[in-house]
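Thanks for asking me to look this over. Here are my notes, in the order I would go through them with the model open beside me.

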Amino acid sequence: MTLVSHYDDLAEETGPAISPLKPGDDPDKIAVASQWQLIRARFFANKVAVVAGIIVLLFYFVGLFAEFLAPTIPSKAQPRFTYAPPQSLAFFVEDAEGNRRFQLHVKGYAMSVDPESLRRSFTIDPDKIVPVGFFVKGEPYKMWGVFEMERRLLGAINKRDPMNLLGTDSLGRDLLSRVIYGTRVSMSIGLIGVASSLIIGTVLGALSGFYGGWVDLSVQRLIEIISAMPTIPLWLGLAAAIPITWSPLKVYFVITLIVSLLAWTGLAREVRGRFFALKGEDFVTAATLDGSSQRRVIFRHILPSLTSHILAVVTLAIPTMIVAETALSFLGIGLKAPVVSWGVLLQDAQNIRTVATAPWLLIWPCLAVVVSVLSFNFLGDGLRDAADPYGH
Amino acid sequence: MQQTANIHEHTAADDLALTVRNLSVDYHLRSHILHAVRDVSFDLVKGRTLALVGESGSGKSVTARALLRIIDAPAQVTSGEITLFGPDAPLRVDEMGENSREVRAIRGKRIGLIFQEPMSSLSPVRTIGAQIVESLRLHRKMTVAEAKAETVNLLRQVEIAQPEQMADRYTFEFSGGMRQRAMIAMALACDPEVLIADEPTTALDVTTQAEIMDLIARLQHQRGMAMMLITHDLGLVAEMADDVAVMRFGRIVEQGPTDAIFHDPQTAYTRRLIDATMRLETGHNRPPPPMDGPPLLSAKEVSKYFGEATWRGKKKWGITAVDGVSLDLWPGENLGIVGESGSGKTTLGKMLLRIVEPSTGKVIWRPGAGNGDAAERDVTAMPKEALKGYRRAVRLVFQDPFASLNPRMTVKQVVGDPLIVAGLASGSALEDRVAELLDMVGLPRDAMERYPHAFSGGQRQRIGIARALALDPEIIIADEATSALDVSIRAQILDLLLDLQKRLNLSFVFIAHDISVVRYFCDRVAVMHRGKIVETGTAEQIITDPQHDYTQSLISAVPNPDPRNKRMASRIRFAS
C-alpha cells in the first residue's frame with residue numbers, strides 16, 4: 001500500500017511555495033527586471049555603500065562649486081594672521097545688558113608676541129565678535145573661470161575681518177578655502193587619470209583576452225614590465241623632465257597622464273580575465289554561430305556583461321589615484337604651488353615644528369584624503385558586490 | 001499527520017535508524033521566503049534504502065543537509081523532529097546546537113554523506129589517504145599507524161586497485177569514478193549507521209554509475225546500514241531502492257514501497273513522473289526517412305588531435321579526441337551520437353559546425369539533398385562568408401540553458417539577434433517574427449520583454465530552440481540539449497523537437513549520453529568510444545540487439561525504471 005499525502009487532495013500546485021517577506025510584496029516583480037535593475041536593487045540594499053556614495057557625491061559637489069563654497073580665495077594671504085588657530089562658529093551673542101541675541105559669528109584673534117623669539121602667536125579672543133553671514137559679498141572671483149561673482153556661501157560680513165574656520169597657514173591663507181579648492185583638484189585628478197587608464201586598460205585587456213596567443217603574450221609581458229617599475233624613482237625622473245616654464249595646469253595634466261600610464265595594468269588584467277571567461281561562454285559561441293562579426297560579439301555581447309565590473313574596478317581605482325597624487329605632491333614632485341591640492345597642502349605640514357604649532361595644517365587635508373578614499377573604497381566594494389546579481 | 005505514524009507498520013521499532021517528523025526549512029531570500037521543505041516525514045530503516053525522488057528544486061538535497069544540520073544561511077529549519085536511533089538512547093538531532101560538539105560527533109561518524117561532486121567535496125591540496133586518516137583519527141580515535149592501515153583497507157573495499165599507492169595520490173590524479181569511490185571510502189570510514197547519498201552518480205557515466213551503485217549496494221548490505229538515496233533518476237530508484245518518497249515543491253507527495261510506487265502510483269504527479277520516464281523507454285514509431293538519396297551532411301574521416309608543440313614545432317604530447325569518424329545524415333533524419341564523457345562526441349559536433357577546426361578529414365554539405373541534388377560543398381574549406389551561410393542552415397542547440405542565453409538581453413533580443421545580424425528583419429517585422437518563433441516553441445508572446453533569469457530551465461531551452469529556428473535552418477545539432485532538464489520537461493522538449501521536425505522539415509544530429517533519450521528521439525544511432533564510432537545502426541537495433549562489446553556493456557549499464565525488471569544487476573562488463 002502506498003501512502004498518499006493529504007496535500008494531494010488540494011488543487012494541484014503549480015510552483016514552489018513562496019511567501020512574501022512583507023505583506024504586499026510582489027515576488028513576480030524581479031521576473032521582468034533587467035540586469036541593471038537587479039544591480040541597483042542589490043546596491044541600494046547595502047547601506048554602507050549608499051552612505052559612501054553620498055559622501056563621494058558631496059565631495060564632488062564641493063569640488064564643483066569650490067569658488068562659491070570657499071569663504072575666500074585660496075591664495076589670499078593675511079600677513080597679520082599667520083598660523084592663526086581655527087575659529088568655531090557660534091550662534092548667539094550677549095550684549096551689555098546680558099540679552100542673548102541671534103547673531104552668527106566667530107570670535108576674533110588676540111595677538112601676543114614672544115619677547116625672546118619675537119614670534120607672534122594668536123589666540124582666540126572671546127570678546128572680539130566677528131559677525132558672519134550667508135551669501136555675503138567677499139573677494140571677487142570668477143565662477144568656473146567665466147562668471148564674475150562676489151557672493152560667497154559664508155563669510156565675515158565686514159570683508160576685512162578674519163574668518164578662518166580651519167585656521168591659517170604660514171602666510172595667513174585660509175585653510176578651509178584651500179581645502180575646498182584642493183578638493184576640486186584632488187578629486188578630479190583621480191577622474192582624469194582613471195579615465196585614461198580605463199581606456200588603455202580596457203582596450204589592451206580586451207585585445208589580450210579576446211585574441212589570446214601572441215597578442216596576449218606581449219600585452220601580459222608589457223604589464224609585467226610596467227608593474228616591475230619602481231614607481232617613485234620613475235615619477236621623480238619624469239617630473240624632473242617637465243620643463244620648469246610650463247604652467248601649473250599643464251604640469252597637472254602631464255602628471256595625471258604619467259600616473260595613469262602606470263595604473264592601467266590592474267584593470268587590463270581584470271578585463272582580460274573576464275574576456276577569457278566570457279569567450280568560452282555558450283552565449284558568446286551562440287552569437288558567433290548567429291553570424292555576428294567579431295566586433296559585434298565584443299561590443300554587443302561581451303562588453304555589456306563587463307560594464308558593471310569595470311565600473312566597480314574604476315571606482316576602486318580612483319582612490320589609488322588620489323593617494324598617488326597626494327604622495328607625489330607631498331614629495332614635491334607632483335603638483336606645485338600655486339595649484340592647490342590636498343597633497344600640496346600637506347607639504348606645509350612636512351616639518352615637526354609646524355605640526356606642533358599648527359596641527360590643523362596636518363589634520364584637515366589628511367582627513368579629507370582619508371574620508372574620500374574610504375568612501376570610494378566602500379562604494380567600490382558595494383558596486384562590485386552588486387555587479388553580479390546572480391552570485392551568492 | 002495521522003498517516004506518518006504508520007509509515008512503516010511492517011518494520012519493528014528497533015530496526016529504525018533515523019526518523020524525521022514534520023521537517024520544514026525556509027529560505028529567506030531577497031525578495032521572498034521560499035518554503036524549500038514543508039512538513040516532511042519519513043523513516044530510515046536498517047538495511048533498507050529509501051529513495052528521495054524529485055525534480056530540481058523539490059527540496060531533496062536541503063532535506064538531506066538538514067539531517068546533518070549543515071544548512072547555511074539564508075536557509076533555516078523552522079520546525080520538525082529528527083531522531084537518530086542507535087545502541088544508546090534515541091538522539092534528537094534537531095535539538096542540538098548549531099555546530100555543537102554533539103552534532104559534530106554525529107556527522108561522519110554516525111551519519112555518512114556522499115556528495116554529488118566529489119571533486120569539490122574532497123580537498124585538492126591533501127592526499128586522499130590523509131583525508132581519510134584524519135577522519136579516522138577524529139572519530140575513531142585511532143593512532144596514525146592504525147588509521148593508515150584502515151585507510152588502505154577501506155580503499156581496497158571500494159575496489160580501488162593498488163590501495164597502498166593510491167592513498168598517497170591527490171584528488172586530481174583520480175578519475176571521476178575513482179574520486180567517488182574515495183568519497184565513499186571516506187563516508188564509510190567510521191562505519192556509519194546511516195548513509196546519505198546525494199545524487200552520488202549524477203556526474204558519472206552510466207557504466208561507472210553502475211559500478212558505483214553496485215559497490216554502494218554491496219557495502220550497505222554487508223554493514224546493514226540504512227541508506228537514503230537522493231536522485232532525480234527513476235531508473236536508479238527502480239534498481240536500488242526498497243522504498244520511495246516522491247518530493248515536489250518541498251513536500252513529500254507520496255511514499256511507499258518501490259514496486260507500489262512504480263506500478264500503482266496514487267497521485268497524479270507521481271503518475272506523470274513515471275509516465276514521462278517510461279515514455280522515454282519506447283521508440284517513437286516513426287517510419288525512418290528514405291536513405292536512398294544523397295546525404296545532407298557527411299563527415300569524412302574527420303579527426304581531431306589536441307596537443308602542445310614546443311616552440312620549435314616539435315610535438316610534446318597529444319591526444320586524439322576524434323579518430324577518423326565518418327557519418328552521414330540524410331534529409332529528415334534524426335541521427336543520434338551516443339558515448340560517455342571523453343568519447344569525443346561533443347568535439348565531433350563542434351567540428352561539424354567548425355567551431356573546432358578538424359585536424360584532418362572533411363565535412364561535406366549538400367544543400368539541395370532534399371530535392372535529390374547532390375551538389376557538394378566542402379565545409380572544411382569554406383571561406384568566412386560562405387561559412388556564415390552554412391551556419392545559417394546548420395544551427396546548434398546548447399546543453400546548458402543557463403549559460404547559452406546572454407543574461408543582459410531580453411528574450412526578444414536573444415531570439416531576434418540572428419535575424420538582425422543577417423539583416424532579415426527589423427522593427428515590427430522583427431517583433432512579429434520573434435512572437436511567431438516563441439509561439440512555435442510554446443512560449444507566450446509577452447515573454448519577449450523578459451530577461452532569461454525569469455524563466456525555468458525548460459523554458460530557457462525553448463528560447464534557445466527558438467533562436468536556433470530563427471533563420472529557417474535545415475539541420476539542428478543538439479548537443480546534450482535535454483541533459484540539464486528534469487525528466488518530465490525532457491520529454492516535453494523532445495516532443496517539441498519532433499513536432500518542429502514534422503512542421504519545418506528539419507534533420508537533427510542529436511548528441512547525448514542518455515540512451516533512453518536517444519532511443520525516443522533518433523532514427524539511427526552512432527555509438528562513440530574513445531574517439532571512434534564503434535557501431536552504427538537503427539535506434540531499436542542498438543538498444544535491443546547491440547553487436548559491439550562496448551555497446552553491449554553500455555546498454556546493459558543503463559538503469560531500467562522498472563523494479564520488476566532490474567537491468568544493472570545482470571550487466572555486461574566491457575574490458576578494453
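The points below begin with confidence and then turn to the strands and helices.

1. **Overall confidence.** Please keep in mind that this is a predicted model. For the complex, the predictor reports a pTM of 0.78 and an ipTM of 0.78. Chain B has a mean pLDDT of 85, with 94% of its residues at 70 or more.

2. Strand 13 of chain B (residues 334–338) has the highest confidence in that chain, at a mean of 93, while helix 3 of chain B (residues 118–121) has the lowest, at 74. Residues 1–10 of chain B deserve a separate word: pLDDT stays under 50 there. The model has eleven contacts beyond four places in sequence for this stretch.

3. **Strand 1 of chain B and its partners.** Strand 1 (residues 16–28) of chain B pairs with strand 2 (residues 32–45) of chain B in the antiparallel sense, over nine bridges. Here Leu16(B) stands opposite Val45(B) of strand 2. Strand 1 of chain B also pairs with strand 4 (residues 75–84) of chain B, again antiparallel, over eight bridges. In that pairing, Asp26(B) stands opposite Gln76(B) of strand 4.

4. **An open sheet in chain A.** Four strands of chain A make up an open, antiparallel sheet in the order 3-4-5-6. Strand 3 (90–94) and strand 6 (147–156) of chain A are at the edges with a single partner strand each, so one side of each has no neighbour in the sheet. On average, neighbouring strands of this sheet are turned by 60° against each other, direction ignored.

5. **The pairing at strand 6.** Strand 5 (residues 120–143) of chain A runs antiparallel to strand 6 of chain A, and eight bridges join the two. Among the paired residues, Val132(A) has Ala156(A) in strand 6 as its bridge partner.

6. **Two packed helices in chain A.** How do helix 2 and helix 4 of chain A pack? Helix 2 (residues 47–64) and helix 4 (residues 175–211) of chain A lie at an angle of about 115°, with their axes 7 Å apart. The crossing of helix 2 of chain A past helix 4 of chain A is left-handed. From helix 2 of chain A, Phe59(A), Tyr60(A), Val62(A) and Gly63(A) take part, meeting Ile180(A), Thr183(A), Arg184(A), Met187(A) and Ser188(A) of helix 4 of chain A. Of the residues in this contact, five are nonpolar, three polar and one charged.

Notes: Residues are numbered from 1 along each chain as its sequence is written. Chains are lettered from A and ligands numbered from 1 in the order in which they are written. This is a predicted model: local features need pLDDT of at least 70, side-chain atom pairs count only at pLDDT 80 or more; totals for chains, interfaces and linings use all residues. Axes are lines fitted to C-alpha atoms, for helices over the stretch in contact, and angles run from 0 to 180 degrees between N-to-C directions. A crossing is left-handed if the near helix is turned anticlockwise from the far one by less than a right angle, and right-handed if clockwise. Two residues are in contact if their C-beta atoms, placed from the backbone, lie within 7 Å. Ala, Val, Leu, Ile, Met, Phe, Trp, Tyr, Cys and Pro count as nonpolar, Asp, Glu, Lys and Arg as charged, and the others, Gly among them, as polar. pLDDT is the predictor's confidence in each residue, from 0 to 100. Two strands pair if DSSP finds at least two bridges between them.
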